[in-house]
Amino acid sequence: MARLDGKVVVITGGASGMGAATARRFVAEGAKVVIGDLQVEKGEAIAQELGAAATFIRTDVGIEADVKAMIDLAVEAHGRLDCIFNNAGFGGVAGPIDQTDMGAPYASTVACLLTGPILGMKHAAPIMKEQGGGSIVSTASIAGLRGSSGAPVYSALKAGVMGLTRAVAVELAPHHIRVNAICPGVIVTPIFLFGQQPKAGSNVSVEEALRPGFRNLQPIPRAGEGFDIANMALFLASDESAFVTGQAFVVDGGLTTTMSVVGDVANSPIAAAIADLVELPAWMQAE
Ligand SMILES: NC(=O)c1ccc[n+]([C@@H]2O[C@H](COP(=O)([O-])OP(=O)(O)OC[C@H]3O[C@@H](n4cnc5c(N)ncnc54)[C@H](O)[C@@H]3O)[C@@H](O)[C@H]2O)c1
């Protein structure tokens with residue numbers, strides 16, 4: 001028996017990156033999936049690749065009617081909804097706080113990254129209550145756990161997803177609906193194109209292009225992959241997580257366990273800063 005046999009799952013942002021990896025993994029584990037995404041061509045291609053178990057519907061997660069239509073489609077096609085993976089996202093409005101564009105870029109960032117999960121929860125909850133259970137999973141980020149320069153709005157909204165997760169988990173627990181979040185670290189996906197097309201002449205995939213540079217960003221010496229997030233989502237969507245709710249699970253190869261000094265301690269900023277002051281301890285010296 002597969003781990004998601006008989007389950008019906010809605011996945012937002014399923015046309016690309018970790019959402020697409022999750023759609024593939026979930027179908028392989030027996031689920032029926034409805035993929036909602038803004039990218040029609042890519043979303044339809046994934047659905048076609050996955051066959052009868054997958055359906056694509058163009059969805060803007062910041063628009064309530066779209067989210068409702070996506071969830072209604074899952075229920076109409078398959079008669080139930082066991083899990084929603086609120087995963088759609090993008091870098092959004094970025095840059096120093098004192099230069100934040102509070103117009104359309106800000107509004108679309110909030111709509112996608114925070115209103116999206118709120119709407120997903122709002123419209124999934126009544127169906128799951130009626131069924132007597134379900135699992136809601138949302139993609140937050142380690143950016144919501146730690147500070148970093150350059151994306152304060154993104155960080156705030158991802159922290160918001162975790163707050164939302166905890167609050168709704170308490171509310172829905174009596175209905176046996178679990179509500180959890182995943183905090184990816186740095187994962188090779190097209191999100192790092194920041195909405196641009198790759199430069200002409202590049203004949204490798206975005207993932208292949210990113211892998212070497214991302215390999216040593218975290219203690220586990222390989223790049224984070226979409227399937228790493230899919231594996232956590234699989235646990236949270238399956239009955240194996242039946243007693244798990246209100247949590248944010250970090251999947252980052254150990255990145256947030258470090259003090260930003262990864263791997264080459266001898267050439268780290270800390271080593272450079274103290275080298276003139278004291279003799280570096282042996283473990284901090286270059287081999
Ligand atoms: N890649 C990383 O390192 C990383 C780290 C932490 C968190 N995340 C989060 O992971 C999630 C998935 O991102 P990814 O890395 O797979 O990127 P991705 O760009 O490969 O996939 C994101 C998908 O979301 C879709 N999307 C964007 N706005 C949408 C909207 N308003 N409505 C519907 N779909 C929309 C995009 O079209 C795209 O297909 C996002 O929430 C992102 O913020 C990514």
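**Ground rules.** I number residues from 1 along each chain as its sequence is written, and side-chain values use heavy atoms, with hydrogens and water left out. As the model is predicted, local features need pLDDT of at least 70 and side-chain atom pairs count only at pLDDT 80 or more, while totals for chains, interfaces and linings use all residues.

**Entry 1, domains.** I looked up how the chain is divided and found domain 1 (8-253) and domain 2 (261-287); such bounds come from an automatic or database domain assignment. The C-alpha centres of domain 1 and domain 2 are 39 Å apart.

Which residues are closest to the ligand? I noted Ser-16, Asp-37, Tyr-154, Ile-187 and Thr-189, out of 27 residues that surround the ligand (a residue is near a molecule if one of its heavy atoms lies within 4 Å of it). Sorted by class, this shell holds 13 nonpolar, 11 polar and 3 charged residues. Here Ala, Val, Leu, Ile, Met, Phe, Trp, Tyr, Cys and Pro count as nonpolar, Asp, Glu, Lys and Arg as charged, and the others, Gly among them, as polar.

Next I checked polar contacts (pairs of N or O atoms within 3.5 Å). A ligand oxygen is 2.9 Å from an N or O atom in the side chain of Lys-158. For Asn-87, a polar backbone atom is 2.9 Å from a ligand oxygen, and for Ala-88 the backbone distance is 3.4 Å. How much of the ligand does the protein bury? Taken alone the ligand exposes 810 Å², and the protein buries 93% of that (Shrake-Rupley method, 1.4 Å probe).

I then turned to α2 (residues 40-50), where Gly-43, Ile-46, Ala-47 and Leu-50 are buried. Buried means under 20% relative accessible area, exposed over 50%, and partly exposed in between (1.4 Å probe, protein chains only). Helices are DSSP runs (H or I, at least four residues) and strands likewise (E, at least two), numbered from the N terminus. Seen down the axis of α2, the buried residues fall within an arc of 100 degrees, so they line one face of the helix; the arc uses directions from the helix axis to the C-beta atoms. The face turned away carries exposed Glu-41 and Gln-48.

Most residues other than glycine have a negative phi. His-176, between α5 and β6 (177-184), has a positive phi near 60 degrees and is exposed at 59%. Phe-194, in the loop between β6 and α6 (206-214), has a positive phi of about 50 degrees and is exposed at 58%.

Key
A polar contact is a pair of N or O atoms within 3.5 Å; within protein, one must be able to donate a hydrogen and the other to accept it, and residues adjacent in sequence count only if both atoms are side-chain atoms.
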